[in-house]
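Please examine the sequence and the coordinates shown below before reading on. The paragraphs that follow proceed from a single residue to the contacts between chains.

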There are 4 protein chains.
Amino acid sequence: MKKGIKVVSIGGGSSYTPELMEGFIKRYSELPIKEIWLVDIEDGKEKLEIVGNFAKRMWKAAGYPVEVHLTLNRREALKDADFVTTQFRVGLLYARIKDERIPLSYGMIGQETNGAGGMFKAFRTIPVIKQIVDDMRELCPEAWLINFTNPSGMITETVIRKLGWKKCIGLCNVPVISIKKEPATIGTTSDKLHYRYAGINHFHWHRVFDENGTEVTQKLIEHINDADGGTPKNIYQAKFSLDLLKTTGVLPCGYHRYYYMKNEMLGHLMDDFNRHETRAESVKEVEDKLFEMYKNPELKTKPPELEKRGGTYYSDAACECISAIYNNKRQMMVVNTENNGAIPCLPNDTIVEISALISAQGAEPLAWGEMKPHERGWLQVMKAMEECTIEAALSGDYGAVLEAFNINPLVENGDDAIKVLHELFVAHEKYLPQFADLIKSLKAAGVYPKDETVRELLAQGK
Amino acid sequence: MKKGIKVVSIGGGSSYTPELMEGFIKRYSELPIKEIWLVDIEDGKEKLEIVGNFAKRMWKAAGYPVEVHLTLNRREALKDADFVTTQFRVGLLYARIKDERIPLSYGMIGQETNGAGGMFKAFRTIPVIKQIVDDMRELCPEAWLINFTNPSGMITETVIRKLGWKKCIGLCNVPVISIKKEPATIGTTSDKLHYRYAGINHFHWHRVFDENGTEVTQKLIEHINDADGGTPKNIYQAKFSLDLLKTTGVLPCGYHRYYYMKNEMLGHLMDDFNRHETRAESVKEVEDKLFEMYKNPELKTKPPELEKRGGTYYSDAACECISAIYNNKRQMMVVNTENNGAIPCLPNDTIVEISALISAQGAEPLAWGEMKPHERGWLQVMKAMEECTIEAALSGDYGAVLEAFNINPLVENGDDAIKVLHELFVAHEKYLPQFADLIKSLKAAGVYPKDETVRELLAQGK
Amino acid sequence: MKKGIKVVSIGGGSSYTPELMEGFIKRYSELPIKEIWLVDIEDGKEKLEIVGNFAKRMWKAAGYPVEVHLTLNRREALKDADFVTTQFRVGLLYARIKDERIPLSYGMIGQETNGAGGMFKAFRTIPVIKQIVDDMRELCPEAWLINFTNPSGMITETVIRKLGWKKCIGLCNVPVISIKKEPATIGTTSDKLHYRYAGINHFHWHRVFDENGTEVTQKLIEHINDADGGTPKNIYQAKFSLDLLKTTGVLPCGYHRYYYMKNEMLGHLMDDFNRHETRAESVKEVEDKLFEMYKNPELKTKPPELEKRGGTYYSDAACECISAIYNNKRQMMVVNTENNGAIPCLPNDTIVEISALISAQGAEPLAWGEMKPHERGWLQVMKAMEECTIEAALSGDYGAVLEAFNINPLVENGDDAIKVLHELFVAHEKYLPQFADLIKSLKAAGVYPKDETVRELLAQGK
Amino acid sequence: MKKGIKVVSIGGGSSYTPELMEGFIKRYSELPIKEIWLVDIEDGKEKLEIVGNFAKRMWKAAGYPVEVHLTLNRREALKDADFVTTQFRVGLLYARIKDERIPLSYGMIGQETNGAGGMFKAFRTIPVIKQIVDDMRELCPEAWLINFTNPSGMITETVIRKLGWKKCIGLCNVPVISIKKEPATIGTTSDKLHYRYAGINHFHWHRVFDENGTEVTQKLIEHINDADGGTPKNIYQAKFSLDLLKTTGVLPCGYHRYYYMKNEMLGHLMDDFNRHETRAESVKEVEDKLFEMYKNPELKTKPPELEKRGGTYYSDAACECISAIYNNKRQMMVVNTENNGAIPCLPNDTIVEISALISAQGAEPLAWGEMKPHERGWLQVMKAMEECTIEAALSGDYGAVLEAFNINPLVENGDDAIKVLHELFVAHEKYLPQFADLIKSLKAAGVYPKDETVRELLAQGK
């Protein structure tokens, strides 16, 4: 492959960028990057400056001749790019605060990736990813799009299936975390184990085998509730039922807690809500601190505090994936890619999160085979929710939104769910052009978020 | 076909039996029954006497030479039967009271067919239907089994798919009601419309066409919330969102209210619970009155009060189905039968509730084709719930029970769900031999229903 | 439905038209036709005059006030049509002679519906049906298209799936013949039997049940080789292996002989070829005689000689189908329509030939369920052949043609197959505009049919 | 994994055994074998002695302390085996001569793996593999079965799907050959290319990508007819149509010639037949020479002449596969294993030949995704042929045999096919216990092979 790679990172002002830089720095010998373009929008200009300058310091300290460009001009950046990473958050963390607090203000889990909040994140993000792909088609038609903007599965499905951009891989850090942490619970290390994942983003299961080919899934199930059992720390660690898991025979991901132990999770989230410590608010605080650190001209390496941010390993996975493509590694990773029959109970052309080989021609999923009814049913309803959400995001149709809400297991169907829905529309008005008329009529009817925190954000124009 | 049909009705002491008798009486000219055997168990002996004698009076008044036999000996009855109907309720209405009240005592919908209650109804019924099929294999190997014991879909699936008895059709009155009532909402009659149903028991959708082949589904959707819109009266009439339904393009059944407007339904059920007017309790009252009436030696025709019972049209549908088989009618009915590809998003060999032609060789479903994601996802998760429930009922495995509970959309997963589960086990101990050890250990651990009404029933040995 | 139906018959100069007229005459009381437009092209003008005038005499003799219009202006005819029947043959019987003789001149079965000949019939017909549908979209957007131009399945698939015209039903007389003839072989009549068909056009199987629901398929298999066993007379009656059929458990159609007993069929066809009695040539002779008869101004009813023509019952089936739609009959017929899961081993959106209910909204197939490997494999390869053929016909791509030829079980792959292919292209040049460049280059390379009969036809400009 | 591996090779007297020994010798450092048991039957005793002693010399010359045991007692050998390879040929090469000559004596391709001959090879082999698996269940329940007895796909399907022995992988040398030879045709080497295969044994396609992820399949298609284009040399190199292959977009395997250019292949085979140089006869001659060489006590390494044998690379692939399992290599190989959705147009539980990762837990296929109609149709009919063949082999049912023959594209259906079938039964009587009654009646009816060579073999009791 050509020397002198050009990488473009949309949402370059993200607090994750230093991890991304670190990932590229430690792989420089195998991944000879020439230019990195950090792109952001007007609203993110200040953060872009801070993090961008920090990035420049990191590369300088590393001693590699990589140019780091900061720009608000996405088209300029995309020109002739080789790899484009997307790590942007439409509406910044303020939007996530609304995604989480509005549902909780009605006693409903918001869940910023697969719940009501996650659906609105999709509604906000999909119009933007469409613009990005349109630009890429014109400016860098051979580039790979490595997405780690959430909801990663739905964004990847939009890019590949709806927009027809096949050179796209979606990433998530959840599988990375379990592969890194879980083995210690049974006294081994990940290099001695073989991991197989299947499902969709934030809703997948895995099976694990040791060096002799013996399945150790049941042993790992025994330890899933251990203090450091491999599920992401940003999720409250409600205990899984071992009786249930032993019968299913597969390890769930951390996000399954919202479904398998919904009420415990809701209780915990309500406490957070009341203490103004929803995940979004906590992350906001962490981020503010991170940006303060990033400003420090002496800081030249990724600070350990970033790990608290929740998205740890995400950016490293992106670097790993880029390197696997560039170097044609045939490396096993867990990614969002086309199903192609790997999970036979889902459509062939849908996007799944699955163990796949990553090489120059992209991701090749390993066939998982039939799922048992319990996993099959859950997975099928969640995939249908994703399809309805994407359809609604693209069409701007209210009935389609209702379908998506109605089928989402985290939405408690009823009058309150409709209130939550309407308040979310009003709260996110700025980022939902496809729903402009609907929102106008909701506002005319007096719909307005009841949560004080959200009201304040809106009053501040956020 | 042979003259002189022998019909056996298991659960003959049911309050529905008079409707069944009426159905046979009005079809006598086309369905020449010779013997009717009403079978019940020791606990139902008194009711069997009452309703059996009433049945005899009905036939006598009708003037047809049909022998009505009352027996507690099922094997004697089954010998050489042509048609066996199953309309029994293991544990009588007392069991249904427990099914409904125990979940509600934790603020959870019990729903005696597809909710936690329905799962326990399956757990109680499946061991009995297995015995019946074993007897039939020996005593009447050519007989048709017409099931209208709930949960009708799961029982039919057990009979056909698990026990391998192919000559079985499952019935439900829900489609019958909409076909009878709905047309008036758009000023027409059912004979002028063509109904197409697909889904599973108590979870199906339909589309309707007029005499010109024009689809009138959207017109009917407009009227679904009308006072007499065609959904069963025994379900609280929470309003459907027309915006949602118009987008789906299909008419839901009444039971969809528990899913599409879960919170409104729960609110209403909690009121009923607090007033001791759960559906089970109301039905118990209606039934007691009915049996008082049935005792009246002057009563010779089905009293109109029976319609309040909730199961109206059920028995008539059974008679219609039997006649369609006997007379090889190729008549369109909505029944539970093997999918065979009719709903492609479900396995071929699973049981679905669907428009089918009924003739001498059984039910032949009409192909429905692909479902859109919203219906597909809901249907697939509900079917998986049925499969898990049947598996649990047959295996007596606790992990399998947890799978079934966990995937059921009406079960609110969490600690309370487990309490509900355990209390239901203890409350139904008498009828759950396959779970004997589990229940023993639960009792040893002090599990006992907290609801006073249930405690009283248990104290009375019910 | 409206009174005063307008029926348009494309290919109105066909020798079948009198059967179509007879079918409409005998159904006049239920199907109140006002106008019949017989449409043909310049080359068929003389036949149109003859048969059109005969049609007028038939209606006059019947005493019904139906206007019969003869025209070469298809667009004038289509305006506001209610039903359009297509029974045209591009290139007349001369084309069929080429379809059959060219393959046989290389010792290969031509088979004018599913063999090399049938593929060329599809290549010639598909461009024309596309024009017809384009006209209908503009001139009669609510009309039903009842196709009985062969290859009926591929034409129907093109109309419904490729051109998106959903109001289309394809017909074939093969199932009609077996339903009419077969029952006598076991001493019963068709009204006492229940027929279930599944497969594709000229490649389907059926199962049969008696009035008691007992399957009589095996009994019918015993008699399939009887003198009048229900398979079309225009196919040489090579004997089926009863051992094979008993194991398959399904009754094949007459056209299965070309596959199950290929060599016997080829031997017989070679004899015909050498005697200049290929089916096409025989039919040509029969037709010439028929048209002589039709000229007779005294002839006012369909002459019995028409039955020899081979297509008997085709037109009657079309009338029956139109009446079933118009009168919303919910009548069981065997038609070509969308699969919708009825045959699960084929795609949902493909066209199958299957037992279906015909009513005002069209055809609703009955679910057949899984096929055993023997039928499944045959059916899947034949359906793939159809798909490749349609793709080739629409794209005009030579590689696509090779795919279609290569996968066709009646084509003997090798150099001779390519010669047959090339000669067919040259022989049909006039009717294959989509392959114009290819044919030009073949001719430049000196390709020319070697069969004398075909050469004569070409010399005559036919 | 444990040290001191025990390998058992059923059919140890095979001429391939030296390649197997060589494969183990060169991998000794990674695959520490302790014992090799070469097992054969009484009829193969002499060959076993020759090749076994040669094997001992090979190991001695290599200087590794591996015990080589020769035995006719399979059960003794299997005790505590770690890996069992099956490379036996029921009926020796005499049987293959019959498989090829009997069909050719009627002008029909015999093809010893997928044609009429291959079906009889399956009929002979399946009863034996069943006995082997029965023994393994008792004597070495943890062993892996590495099968390279043909028809490799059908034997693997029998072992995994029918006998339920999951630890089985089937091998074939055809993909190995193309990976080794093909790259040179476009001036590159296999380590620079990424190969993806999908299909079934001797009927698969592949796509190839270069180091930049660019597909080079079309470039390779251009060279498929090159002198050393990567298809097995034991198959006559009839030329593929590049127009066809370019449209399919996939590279066929060498065996596709029997289907895509059937007539050329048949012509060539008839020449071989007439010259007594059928593949079986040539191989017999090569083998005889090989065994002469093997007798030479000075010979201590695999002689280059073995490569002419046709099965080259087979044994090496077996060693590679065993090492990949033992060392948990996650190595990409093309193997016969469970589909699990990898090829969505085939059943999930069927056996396919596909690119898979081989590691300690076995083979994990890479998902291929949907096939286009041309490949899909061919593959589905061939898979159905395999299923029918296995069913016939296990059941011994004549109707099932007819189904298998009837659906096989290499069998020319008709009277001659039945004669071929019957002669094959009689010729192989000794090895077809499941068809004993059938064969008895055929012989009683005077059925006897007409080919002189076959008659001679039978006269000699072979």
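**From one residue to the assembly**

C:Thr337 is buried, because 25 other C-beta atoms lie within 10 Å of its own, and the cut-off for a buried residue is 20 or more. The model in which this residue is found is a predicted one. C:Thr337 belongs to strand S10 of chain C, which covers residues 331-338. Which residues are in contact with C:Thr337, once its neighbours within four places in sequence are left aside? They are C:Ile169, C:Ile351, C:Ile354, C:Ala356, C:Ala363 and C:Pro365.

The next step is the chain as a whole, with chain A as the example. Chain A comprises 18 helices and twelve strands. Its radius of gyration is 21 Å, close to the 23 Å given by the globule rule for 462 residues, and chain A is therefore as compact as a globular protein of that length. Along the principal axes, the C-alpha atoms of chain A fill a box of roughly 60 × 55 × 40 Å. Of the 462 residues in this chain, 60% count as buried. Among the contacts in chain A with a separation of 6 or more, 69% are made by residues 24 or more positions apart.

The largest nonpolar core of the model holds 639 residues. Which of its members touch the most other members? They are A:Cys321, B:Cys321, C:Cys321 and D:Cys321. In chain A, not counting residues up to four places away in sequence, A:Cys321 touches A:Ile146, A:Ile169, A:Leu171, A:Met333, A:Val335 and A:Ile358.

One of these residues, A:Ile358, falls within the range of strand S11 of chain A, residues 351-359. S11(A) pairs with strand S12 of chain A, residues 362-365, in the antiparallel sense over four bridges. A:Leu357 has A:Glu364 in S12(A) as its bridge partner. The two strands are joined by a hairpin through two residues. In chain D, S11(D) and S12(D) likewise pair in the antiparallel sense, over four bridges. There, D:Ser359 stands opposite D:Gly362 in S12(D), and a hairpin of two residues joins S11(D) to S12(D).

The contact between chain B and chain A takes 38 residues from each of the two chains. On the side of chain B, helices H9 (242-248), H10 (257-260), H11 (262-274), H14 (373-395), H15 (398-407) and H16 (415-427) each supply at least two residues. The largest share of that side, twelve residues, comes from H14(B). The side of chain B that touches chain A has 15 nonpolar, eleven polar and twelve charged residues.

It remains to describe how the copies are related. In general, two copies of a chain are related by a rotation about an axis and a shift along it. For chain D and chain A, a rotation of 180° with 0.0 Å of shift along its axis gives the superposition, at an RMSD of 0.0 Å. That is the relation of a two-fold axis. The same surface serves both copies, as 100% of the contact residues of chain D recur in chain A. Chain B is superposed on chain A by a rotation of 180° with 0.0 Å of shift along its axis, and the RMSD is 0.0 Å. Which residue of chain B comes closest to the rotation axis? It is B:Val381, whose C-alpha atom is at 2.9 Å. Here too the same surface serves both copies, since 100% of the contact residues of chain B recur in chain A.

How values were computed
Residues numbered from 1 in each chain as written. Chains lettered and ligands numbered in written order. Predicted model: local features only at pLDDT ≥ 70, side-chain atom pairs only at ≥ 80, totals over all residues. Rg over C-alpha atoms; globule rule 2.2 N^0.38 Å. Buried ≥ 20, exposed ≤ 12 C-beta atoms within 10 Å, placed from the backbone. Contact = placed C-beta atoms within 7 Å. Nonpolar A, V, L, I, M, F, W, Y, C, P; charged D, E, K, R; others polar. Least-squares fit on C-alpha atoms with pLDDT ≥ 70 in both. Core = buried A, V, L, I, M, F, W, Y, C linked by C-beta atoms within 7 Å. Pairing = 2+ DSSP bridges.
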